[in-house]
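Hi,

Here is the structure I promised to hand over. Please open it next to this email and follow along.

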Amino acid sequence: MDRTENRMSTPSTAPERIDHFTLFDLPRKLWIEMSGLEQKFLQLSWKLHPDNFVNASAEEQERSLKRSSEVNDAYRVLRDPVARVEYLLEIEGARKEGEHKQQAPPELLEEVFELNESLDELREAKESGGDLAALKSRLESAQKNFQEKLGEVDERLQVAAQQWDAAVEAKAGDNDRKAIMVRLNELLNRRSYIRNLVNNVAKELA
């Protein structure tokens, strides 16, 4: 009994390891009701506000600041649908932080090759003072094409996220969950690759 009481009175290190979903009392699902998330964020933020720790010890003040930072980080991630998927896969051990497989999807190889050629031509034309109008028009068309593909990936990501939530709800087995996580991972990698293409074109057209 004494041991239990000692453990309870000792400052817990759990907040350092707690995941974002648990911090907000949420299941590990990918659909989140935004108004509820915001309300919980405001409650936690107020609870950890420095004004509530004016007379607290320096250690308690430091701990509250750390927890406040954790709450802010968790809210930033959970309110973003893509960041939420990435984070879920990270804590499930299916994706390493910052890991993106930057490989062109096989069916896009030809289009990516043509895009890179057009980008090279535009850079050369800029250096030599050549005609940029036709090249920019071609790149704007390609950019629009890849933006549409990005939208398609986001739609597929949403479907896979719904499948994950259904699996969680049904308490599906590990194999079923892993299959969905593989799909989510593939879609995130595809999204990251196409988004970088769109950004590269936007940079050259600016």
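**Salt bridges**

The side chains of Arg-123 and Asp-120 meet in a salt bridge, 2.9 Å from N to O. Keep in mind that this is a predicted model. Both residues sit in helix α7, three residues apart, or about one turn of the helix. Arg-123 is partly exposed, at 32% relative accessibility. Asp-120 is partly exposed too, with a relative accessible area of 41%. The pair is also part of a network: salt bridges with shared partners join Asp-120, Arg-123, Lys-126 and Glu-204.

Now look at helix α5. Arg-76 forms a salt bridge with Asp-73, and the closest N and O atoms are 3.7 Å apart. These two residues are three apart in α5, so about one helical turn separates them. Arg-76 is partly exposed, with a relative accessible area of 47%. Asp-73 is partly exposed as well, at 34% relative accessibility.

Lys-149 and Glu-111 form a salt bridge too, with 3.7 Å between the closest N and O atoms. This pair links distant parts of the chain: Lys-149 is in helix α8, Glu-111 is in helix α7 (residues 109–128), and they are 38 residues apart. Is Lys-149 buried or exposed? Lys-149 counts as buried, because its relative accessibility is 17% and the cut-off for buried is under 20%. Glu-111 is partly exposed, with a relative accessible area of 27%.

How many salt bridges does a search of the whole structure find? The count is 14.

**Helix α6**

Move to helix α6, residues 81–91. Its buried residues are Val-82, Arg-84, Val-85, Tyr-87, Leu-88 and Leu-89. What do they pack against? Their partners are α3 (20–23), α4 (34–47), α5 (58–78), α8 (133–169) and α9 (174–205).

Check both ends of α6. Asp-80 caps the N-terminal end: one of its side-chain oxygens lies 3.0 Å from the backbone nitrogen of Val-82. After the helix comes Gly-93, with a positive phi near 80°.

**Glu-92**

Glu-92 lies in the loop between α6 and α7. Glu-92 is partly exposed, at 29% relative accessibility. Which residues does Glu-92 touch, not counting those up to four places away in sequence? They are Arg-28, Trp-164 and Met-181. With Arg-28 there is a side-chain polar contact of 3.2 Å. Glu-92 and Lys-178 are 86 residues apart in sequence, and their C-alpha atoms are 9.4 Å apart in space.

Last, the second largest pocket. Its volume is about 290 Å³. It is lined by 13 residues, and the closest to its centre are Leu-30, Pro-81, Arg-84, Gln-158 and Ala-161. Which helix gives the largest share of the lining? That is α8, with six residues. Both α6 and α8 supply at least two residues each. By class, the lining has eight nonpolar, two polar and three charged residues.

Best wishes

Notes
Residues numbered from 1 in each chain as written. Predicted model: local features only at pLDDT ≥ 70, side-chain atom pairs only at ≥ 80, totals over all residues. Heavy atoms only, no water. Buried < 20%, exposed > 50% of the residue type's maximum accessible area, 1.4 Å probe, protein only. Helix = DSSP H or I, 4+ residues; strand = E, 2+ residues; numbered from the N terminus. Contact = heavy atoms within 4.5 Å. Polar contact = N/O pair within 3.5 Å; in protein donor to acceptor, adjacent residues only side chain to side chain. 1 Å grid on protein atoms, 1.4 Å probe; cavity = no way out; pocket = protein on both sides within 12 Å on 5 of 7 lines; lining within 4 Å. Points joined across faces, edges and corners; volume = space filled by probe spheres on them. Nonpolar A, V, L, I, M, F, W, Y, C, P; charged D, E, K, R; others polar. Salt bridge = Lys/Arg side-chain N within 4 Å of Asp/Glu carboxyl O.
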